[in-house]
Amino acid sequence: TCSTTRASEVQSERKVRTEWPDGEAQLFEGERGAERLVREEFADGEVQHYEGEQGAERVVREEYPDGNVQYYEGEKGAERMVRVESANGNVHYYE
């Protein structure tokens, strides 16, 4: 059977997740038309976290499968790493 969705129903929906065949997924939050990227998951297990309004989302944290976590500050496109927390408990700070 075939199911039909009316345009008015689609227009009220908001994007919450996009998935690609390679295993990558992007997760979104926000009202319809103002959805912002909040997390990106990669097939290798890396996860990137974002903050900011739509179009100005910036990376604030990257989590790696080995347990290492990198933290970033700065505006979109100018993010810089400020801290790394290693799986073994070591913490490194950067300026």
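Q: What does the side chain of N68 do with the backbone nitrogen of A87, and how far apart are the atoms?
A: In this predicted model, a polar atom of the N68 side chain lies 2.9 Å from the backbone nitrogen of A87. That is a polar contact, meaning a pair of N or O atoms within 3.5 Å where, within protein, one must be able to donate a hydrogen and the other to accept it, and where residues adjacent in sequence count only if both atoms are side-chain atoms.

Q: What are the ground rules for these values?
A: Local features need pLDDT of at least 70 and side-chain atom pairs count only at pLDDT 80 or more, while totals for chains, interfaces and linings use all residues. Residues are numbered from 1 along each chain as its sequence is written, and side-chain values use heavy atoms, with hydrogens and water left out.

Q: Where does N68 sit?
A: N68 is in the loop between strand 5 (58–63) and strand 6 (69–73), with strands taken as DSSP runs of E of at least two residues, numbered from the N terminus.

Q: And what else does N68 touch, beyond its neighbours within four places in sequence?
A: With those neighbours left aside, N68 is in contact (heavy atoms within 4.5 Å) with E62, E63, E85, S86 and A87. The C-alpha atoms of N68 and V84 are separated by 7.1 Å, although these two residues are 16 residues apart along the chain.

Q: Why does N68 count as partly exposed?
A: Because its relative accessible area is 23%, and the partly exposed class lies between buried, under 20%, and exposed, over 50% (1.4 Å probe, protein chains only).

Q: Switching to charges, how many salt bridges does the structure hold?
A: The structure holds 8, where a salt bridge is a side-chain nitrogen of Lys or Arg within 4 Å of a carboxyl oxygen of Asp or Glu. In general, side chains of opposite charge can pair when their charged atoms come close.

Q: Which residues are linked in a network of salt bridges?
A: R17, E19, R39 and E41 are linked in one, and within that group the side chains of E41 and R39 meet at 3.0 Å, N to O.

Q: What about E51 and R58?
A: Their side chains also form a salt bridge, at 3.7 Å from N to O; E51 is partly exposed at 43% relative accessibility, and R58 is partly exposed at 23%.

Note on methods:
Helices (H or I, at least four residues) and strands (E, at least two) are DSSP runs, numbered from the N terminus.
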